[in-house]
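Dear colleague,

Please find the structure below, handed over for your records.

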Amino acid sequence: MQKCVWSFKFLYFVGFVSSLSSAGAAMTLLALSSSFFVENPEGFASSAIQLVYYLGIGCIGFFGGAILQKWSTVTLGIFGPLISACFVFYLATFDVVPFTIGFFSIFLIFLLNGIDHPNNLRFFNEVIPDTQKLSFFSFTESVTAMFQIISPLIAGLIIASVGVRVCFIVDGCTYLLSVIPWLIIKQKSGKFEEMRDPASTNYFVGFQVLYNNVYVRALTISRMLNNLAYVTCTTATPLIIAAISNKDQDYFTFQLAVTNALVSTGFIVSGVLGAVISRSSKNVMALIYLASTLAIGACILLVSSLVYLPLLYLSACLLGGGTYCFRLSGMTLGQAFTPPAVLGPVIIAGDTVVRCCSFVVSACTIFIFELNSAWGIS
């Protein structure tokens, strides 16, 4: 597929609507966390959702590269959100979602989301000119953050007024809406196979490029180191809110919704500032160092919020700003260093390595908090 076959207005429309899946994921997480809190007010079950997230992303990496090579962008763009919607609608059949069913369903949803992100990136990498990529990805990431600001607040209001089940139903509808641009692309292209990657199927091609390409390897190591702080924050947040909620589900849901919204607010504010940054590689590299600084600050403030709650909100804002720097620099540099024919498999391979590391960090965070709880340490 040649670049600029599609108009820029349509491509921005695709980026805008495709971001709805991130809103769906945010609503799913909040609704499931709220449901789990009923049975586990200490917050460990709600926090363990992050473990399932990292496990799902890690597992998809072992065969996701082959899927991206065998299936077209449009095929995956349509069926991924459709299957996710089915699982979310299934969760809506429960008043209180059982732990086993909830974890299994969310694992499968995140498994599909692990394909969704690199699938979108390979499409945009193919059709967006190099000179427009930084500004385009700033737009899509900012839109994603906008949805992630709105969605947890809407989810919190829905849960408080009509319950978790309705929230799951609304959530499933957002997945269905995200399919619309891919249906348009299918109709205009006339067939699913038009945008398939030219690389031959190889389950390990992504890992091979990651190991052999010194720049991709260095970027992956940087992601792993940065994720130590980010994973600790995202895993510990439900535990800290649960510790100060006194087993009040409404209070827990409200605080978690506000915190998630503030993370996205910090992200989108950084996105607006990032839009005015020049496309100089020096500026992109500086984002990596800024991401590390903000992440460390967010960790310190998060722990301090046990003593003074408003620090939780400031920590969330810093986490959002750091996440923007982290993701934009990674996407921009990663695509610059990676051969286009294997971009999808390399993204999945990198996610697999990073998420497996994140899984360990998340598990250790929960274990440490559980020990502190057992010993009566606050």
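Within the protein, residues 24 or more positions apart account for 88% of the contacts with a separation of 6 or more, a contact being heavy atoms within 4.5 Å. This is a predicted model, in which local features need pLDDT of at least 70 and side-chain atom pairs count only at pLDDT 80 or more, while totals for chains, interfaces and linings use all residues. Residues are numbered from 1 along each chain as its sequence is written, and side-chain values use heavy atoms, with hydrogens and water left out.

The secondary structure consists of 15 helices and zero strands; these are DSSP runs numbered from the N terminus (helices: H or I, at least four residues; strands: E, at least two). Of the 378 residues, 55% count as buried, that is, under 20% relative accessible area with a 1.4 Å probe, protein chains only. The protein exposes about 16100 Å², and carbon and sulfur atoms supply 70% of that area (Shrake-Rupley method, 1.4 Å probe).

The largest nonpolar core has 75 residues, among which Phe123 and Phe168 touch the most other members. Such a core is a set of buried Ala, Val, Leu, Ile, Met, Phe, Trp, Tyr and Cys residues joined through side-chain atoms within 4.5 Å. Helix 6 (residues 99–127) supplies the largest share of this core, 11 residues. A second, separate core of seven residues includes Val205, Leu210, Val216 and Val342.

There are four cavities of 30 Å³ or more. A cavity is a set of points, on a 1 Å grid over the protein atoms alone, where a 1.4 Å probe fits but cannot get out; lining residues have an atom within 4 Å of a point. Grid points are joined across faces, edges and corners, and a volume is the space filled by probe spheres set on the points.

The second largest cavity holds about 40 Å³ of space. Its lining is formed by Leu219, Ser222, Arg223, Asn226, Ile288, Phe326, Ser329 and Gly330. Helix 11 (214–245) and helix 14 (310–337) each supply at least two of the lining residues, and helix 11 gives the largest share, four residues. By type, the lining divides into three nonpolar, four polar and one charged (Ala, Val, Leu, Ile, Met, Phe, Trp, Tyr, Cys and Pro count as nonpolar, Asp, Glu, Lys and Arg as charged, the others, Gly among them, as polar).

Helix 11 also contains Thr237. Thr237 is buried, with a relative accessible area of 9%. Leaving aside residues up to four places away in sequence, Thr237 touches Leu256, Thr259, Leu302 and Leu312.

Yours sincerely

Definitions and conventions. Buried means under 20% relative accessible area, exposed over 50%, partly exposed in between (1.4 Å probe, protein chains only). On a 1 Å grid over the protein atoms alone, a cavity is a set of points where a 1.4 Å probe fits but cannot get out, and a pocket is an open set with protein on both sides within 12 Å along at least five of seven lines; lining residues have an atom within 4 Å of a point.
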